[in-house]
Amino acid sequence: MSEITKTASPATARPLMKTLLPWIGFFILLLALPNIFSSNVGLYTMNLMGIFVIFALSYNMLLGQGGMLSFGHAVYFGLGGFMSVHFMNYIEDGDFTFPMYLIPIFGGLIGLVFGIIIGSFSTRRAGTVFAMISLGVGELMAASSLIFVAFFGGEEGVSGDRTTGPDLMGINFGQDIHIYYLIAGWVFVTVALMYLFSRTPAGRMANAVRDNAERAEFVGYSQRKVRFVSFCASGFFAGIAGGLFALNFEIVTEENLNALTSGTVLLMAYIGGVGFFIGPIVGAVIFTLLQSILSNYTDIWQLYVGILFVLTVMYVPQGLTGIFMMHTAAWRMRRVGSLILPYLRAGIPALAMLTGIAAFLETIHHMRSSVEGETAMSLMGVDFDSHSFVAWIVILALVVVGGYLTRSQLPQLKEAWEMANKPPAQREGAGS
Amino acid sequence: MTAAIELQDLRKSFGPTEIIRGVNLSIADGERHAIIGPNGAGKSTLFHLISGRYNVSGGTVSLHGENISNLPPYEIYRKGLSRSFQVTNIFPNMSVFENVRCGLMWVHDYKYSFWHLIDRQKELNERTAEVIEEIGLTSRQHIPAGVLTYAEQRALEIGIAAAGGADVIMLDEPTAGMSHSETDQAIALIRKITEGRTLVMVEHDMGVVFDLADRISVLVYGEIIASDTPENIRNSKAVQEAYLGAEAEE
């Protein structure tokens with residue numbers, strides 16, 4: 001992944017344009033998105049996505065970059081949110097003057113402060129010890145939030161108003177589109193900063209400590225301090241995400257710093273792929289989509305997310321980004337095309353099987369949760385009776401036939417995969 | 001002149017078992033010193049004690065006259081002692097280039113900086129490229145270190161250890177498991193890379209030892225039974241009995 005080129009040429013040989021291109025694309029995408037998805041639901045979803053993108057990336061500074069498995073990352077997110085919403089209220093009360101759009105800074109600072117405090121002892125060890133401490137601190141904070149009502153607002157949380165304070169060129173962020181651009185701006189800046197962090201000595205050593213903590217000590221680095229630096233930075237960015245959450249929803253509750261949110265960020269980072277910088281971005285986008293779109297269609301969307309997570313852990317530990325990245329070798333050799341047909345041949349039956357499984361789950365759920373005697377249900381536009389024999393035969397057939405056909409296609413898929421990835425030397429001439 | 005490394009009555013126990021039983025050893029500045037001995041004699045343990053991986057149970061380790069016993073490994077490294085490992089110990093998911101660069105960052109004074117962009121540090125990257133050139137991995141510098149061949153990983157291991165310019169280099173069985181031609185290359189590399197520095201190595205291959213070392217110490221059951229020039233070691237009766245004899249029994 002190193003961008004360094006040949007021995008003779010200096011390190012800056014990588015053209016600036018090539019480095020900047022993805023960022024320019026990212027910037028344009030952020031600007032363009034609300035024009036494509038201009039509905040209220042679209043904006044709501046994208047706002048949430050932006051917040052989760054920052055949160056998941058900050059989490060990956062621990063898990064993917066630093067090898068620290070945290071079960072309590074919501075602490076920094078939630079504290080950032082609470083701090084921000086309190087400052088929003090101070091501004092509203094006229095206690096002091098501060099532009100509302102910079103509020104997430106306070107979230108970041110409180111995240112950083114708590115990162116320093118908690119990191120000072122939790123980063124002593126990696127692995128299980130670190131994970132257990134993070135879990136404990138997470139539970140401690142969640143419990144405190146119901147005890148210290150003055151700060152955490154008890155069960156109803158703390159609410160604020162983002163439209164007060166000095167505005168930005170007449171914009172007071174009352175509308176969703178304004179808050180979208182505000183979040184987009186923060187997303188762009190923080191994503192860039194987190195990327196740049198990974199390209200600094202501290203960021204590089206975080207990877208080294210993740211790979212081999214012992215060896216890092218024999219090149220002059222204390223593994224504990226390396227982890228500590230990452231931990232603090234991670235807390236800072238999680239706090240910023242929390243601050244944006246406060247601005248966006250104008251309310252922060254105990255739920256924002258409890259184990260559920262900590263679990264969510266872990267799911268997002270892992271599903272997206274912790275081994276890649278953009279992995280958590282992909283994960284946050286997909287998770288938010290599932291959460292806000294799938295939940296419109298089914299009550300058991302969380303079950304699907306759970307299944308997706310388990311499947312990811314079992315079969316593609318590199319995450320969804322990893323699946324794409326697996327194709328880079330074939331892509332370079334221009335052989336991805338040869339994979340399309342095998343993918344379709346295995347993918348269509350697999351889709352049928354998945355549909356069958358989903359139908360099975362939905363029908364069971366319907367039978368259990370619907371009103372007594374109500375058996376008519378609708379799935380993907382198909383109306384049927386959940387107690388009818390035919391419906392169950394169809395579901396069973398989808399699962400069994402789909403599963404069987406998928407299985408029968410796997411050998412030829414594997415063969416096609418190996419063909420596509422065979423080093424060019426074996427086919428003709430020498431490769432690049 | 002103070003010795004580069006001075007061990008005084010060094011002891012290490014694991015529970016009731018004493019592995020290192022009062023080692024006294026002085027290694028002069030600029031010397032190439034080999035430690036040999038039968039399996040289980042405590043050679044690697046001795047290395048771990050000197051480099052800070054293990055805490056000592058008794059006695060002292062001095063580096064250039066300064067007591068470094070029980071300092072953490074990174075402190076010892078910063079004082080100018082760097083080591084390699086018997087079992088390849090690299091950063092497997094990072095590129096070869098990054099592996100070497102990790103070995104250079106501290107001595108280039110970057111510490112835990114998060115305000116320098118690593119790819120813009122011209123001097124650091126140039127020096128990294130030089131080291132990679134020296135260990136002969138220039139054509140492999142962009143691939144993850146974990147997929148290198150065994151011999152290449154050994155070379156990288158030495159490269160990381162030597163990159164930082166520490167004045168005492170410790171190599172733990174640098175040629176273990178290598179073929180003849182690979183061993184020859186490794187010896188040439190070690191010779192080149194430790195030029196003008198103090199080298200301490202553990203080695204099983206007697207050819208390598210007698211070829212490289214200025215002095216040899218023989219460690220048997222946690223004690224140094226002889227420390228002398230290769231010539232004298234080869235002719236020493238005690239060594240032949242204790243070491244070569246033990247070797248024959250195995």
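**Contact between chains A and B, and the fold of chain B**

The contact takes 40 residues from chain B and 33 residues from chain A, where two residues are in contact if their C-beta atoms, placed from the backbone, lie within 7 Å. The model is a predicted one, in which local features need pLDDT of at least 70 and side-chain atom pairs count only at pLDDT 80 or more, whereas totals for chains, interfaces and linings use all residues. Residues are numbered from 1 along each chain as its sequence is written, while chains are lettered from A and ligands numbered from 1 in the order in which they are written.

On the side of chain B that touches chain A, the elements that give two or more residues are helix H2 (73-78), strand S6 (81-83), helix H3 (96-105) and helix H4 (122-134) of chain B; helices (H or I, at least four residues) and strands (E, at least two) are DSSP runs, numbered from the N terminus. H3(B) gives the most to this side, with five residues. The residues of this side of chain B divide into 20 nonpolar, 13 polar and seven charged, with Ala, Val, Leu, Ile, Met, Phe, Trp, Tyr, Cys and Pro counted as nonpolar, Asp, Glu, Lys and Arg as charged, and the others, Gly among them, as polar.

Chain B as a whole contains nine helices and 10 strands. Its radius of gyration, taken over C-alpha atoms, is 18 Å, which agrees with the value near 18 Å of a compact globule of 250 residues under the rule of 2.2 Å times the number of residues to the power 0.38. Of the 250 residues of chain B, 47% count as buried, that is, 20 or more other C-beta atoms lie within 10 Å of the residue's own, with C-beta atoms placed from the backbone (exposed: 12 or fewer; partly exposed: in between).

Within chain B, helix H5 (residues 150-163) and helix H6 (residues 180-193) pack at an angle of about 10°, with their axes 11 Å apart; axes are lines fitted to C-alpha atoms, for helices over the stretch in contact, and angles run from 0 to 180 degrees between N-to-C directions.
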